[in-house]
Amino acid sequence: MIPPQEASARRREIEDKLKQEEETLSFIRDSLEKSDQLTKNMVSILSSFESRLMKLENSIIPVHKQTENLQRLQENVEKTLSCLDHVISYYHVAQEDVTLEHLPESVLQDVIRISRWLVEYGRNQDFMNVYYQIRSSQLDRSIKGLKEHFHKSSSSSGVPYSPAIPNKRKDTPTKKPVKRPGRDDMLDVETDAYIHCVSAFVKLAQSEYQLLADIIPEHHQKKTFDSLIQDALDGLMLEGENIVSAARKAIVRHDFSTVLTVFPILRHLKQTKPEFDQVLQGTAASTKNKLPGLITSMETIGAKALEDFADNIKNDPDKEYNMPKDGTVHELTSNAILFLQQLLDFQETAGAMLASQETSSSATSYSSEFSKRLLSTYICKVLGNLQLNLLSKSKVYEDPALSAIFLHNNYNYILKSLEKSELIQLVAVTQKTAERSYREHIEQQIQTYQRSWLKVTDYIAEKNLPVFQPGVKLRDKERQIIKERFKGFNDGLEELCKIQKAWAIPDTEQRDRIRQAQKTIVKETYGAFLQKFGSVPFTKNPEKYIKYGVEQVGDMIDRLFDTSA
């Protein structure tokens, strides 16, 4: 048996060890808590760092992309300036009057002495035939060589800038750039080549006559010159007739943009005609009449293209298959306006084309003012035909509100396009109220659209509400009426917002204006209704019927005409 003293000592020793172990355990527990706290702090710091890093990355990436775009734009600007400098250098050269030297002066003097000797000994006929054949071949080769140079330049270095058509047909934003010139660009190259060949012919013919004057006897000069230029002139006239023929085929295909190549050529021919007439002075009547004949052909085909285009706008049969589902601007409208805008570069030419077809006495000696009035009348005719066609197309839509949005978009597009260009001034020559008329049409369509919301607001309009005695308990019939009014408004609002969200109004200003006007009307009507019946105990489940606050209704209307909202 253990003595009491030893047992007591053993107990104290165990208690001391136990106390010591408890202190150690308490220390470990405190350390774990501190470690947990430190771990949480570290996780918080890392999470914060990760969040800030993501924000920094999201901020830096767009800046990096913008910097890349700016660098690319800078490179494009520098390349463009370099190209412009190159082109401008050619422009100055083109403005100079270059003196053509066919033969060195010493050789020319020898040729003159030989020709005089041949004339003196009666051999003039033989050498004149040989002379005109050689020089005719050289003139023809020069014109063909110039044309070939244009084609090679365009195919090797891309299509150069063309002064022939100042306002070229624009590519769509989605069109990818290609190395090979497109069909429109090739047409422009052909047009430029022909225009330059005509100018070159005049300069070369003038030079040939000066050379001929020193070599050929005076009384044979005009006849020899007439024979000398025939091949080159016939080549130009044939190419011009081919252009007319191509335009005629394009009209049949309703490809009116191709016909526009005639306009810069005709303008250049008419500008060059005085020099042409001067160069051809003294030649045979058949030679002199070639250029006027080509001008007449081009005026005739141009006038036909203009009239056919106007008729095509009026009778365009495409109604159902190509109608935009969202009521946006129709392709016919944008094409018609683009064609009219391109005519602005050739106002005098287009007016003269129309005037050439007039049979009245006033048209025989038409002035620029007369041509301008004819062109104004023509543009008004096209716009009138376009409006009639749009009205016909709008009837395809079963929903009158979508039909109104369609007409609104097209009328607004026409008006804005007229105002951005000189077309509005040209239209005003014969139709002074055209701008006001389009604005009235736009307002009429907005009012028609707004009537589509009456089926929503009529449920809650003050004039359609029954009279309730304040403070008097509602009868079942009266409660049912209030429920129906709330339900009708909610269903109508949801349905219209769902449908009209998919419609389109491309003009941001008009879209915001129509939204704001509709929002004001609906919010005022709904606000008054909600204030009057929102606190009336007409149901045990008010949230079932009072689904939207006034601001929520406004937010829903703000998302109209926006599929991304």
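Biologist: What makes up the accessible surface of the chain, and how big is the area?

Modeller: The accessible surface is about 34700 Å², and 53% of that belongs to carbon and sulfur atoms. Such areas come from the Shrake-Rupley method with a 1.4 Å probe. Keep in mind that this is a predicted model, where local features need pLDDT of at least 70 and side-chain atom pairs count only at pLDDT 80 or more, while totals for chains, interfaces and linings use all residues. Residues are numbered from 1 along each chain, and side-chain values use heavy atoms, with hydrogens and water left out.

Biologist: How many helices and strands are in the chain?

Modeller: The chain has 21 helices and zero strands. Those are DSSP runs, numbered from the N terminus: H or I with at least four residues for helices, E with at least two for strands.

Biologist: Why is Ile301 called buried?

Modeller: Buried means under 20% relative accessible area, exposed means over 50%, and partly exposed is in between (1.4 Å probe, protein chains only). Ile301 has a relative accessible area of 4%, so Ile301 counts as buried. Across the chain, buried residues make up 36% of the 565 residues.

Biologist: Where does Ile301 lie, and which residues is Ile301 in contact with?

Modeller: Ile301 lies in helix H9, residues 290–315. Leaving aside neighbours within four places in sequence, Ile301 is in contact (heavy atoms within 4.5 Å) with Val244, Ala247, Arg248, Ile251 and Val262. Val244 is 57 residues away along the chain, yet the two C-alpha atoms are separated by 6.8 Å.

Biologist: What makes H14 roughly antiparallel to H16?

Modeller: Helix H14 (residues 400–420) and helix H16 (residues 434–450) pack at about 155°, with axes 8 Å apart. Axes are lines fitted to C-alpha atoms, for helices over the stretch in contact, and angles run from 0 to 180 degrees between N-to-C directions. Under 35 degrees counts as roughly parallel, over 145 as roughly antiparallel, 65 to 115 as roughly perpendicular, and the rest as oblique. The H14 and H16 pair is therefore roughly antiparallel.

Biologist: How do you know that H18 is roughly antiparallel to H19?

Modeller: Helix H18 (residues 476–500) and helix H19 (residues 508–533) pack at about 150°, with axes 12 Å apart. That angle makes H18 roughly antiparallel to H19.

Biologist: Which residues of H18 and H19 meet?

Modeller: Ile482, Arg485, Phe486 and Phe489 in H18 meet Val522, Tyr526, Phe529, Leu530 and Phe533 in H19.
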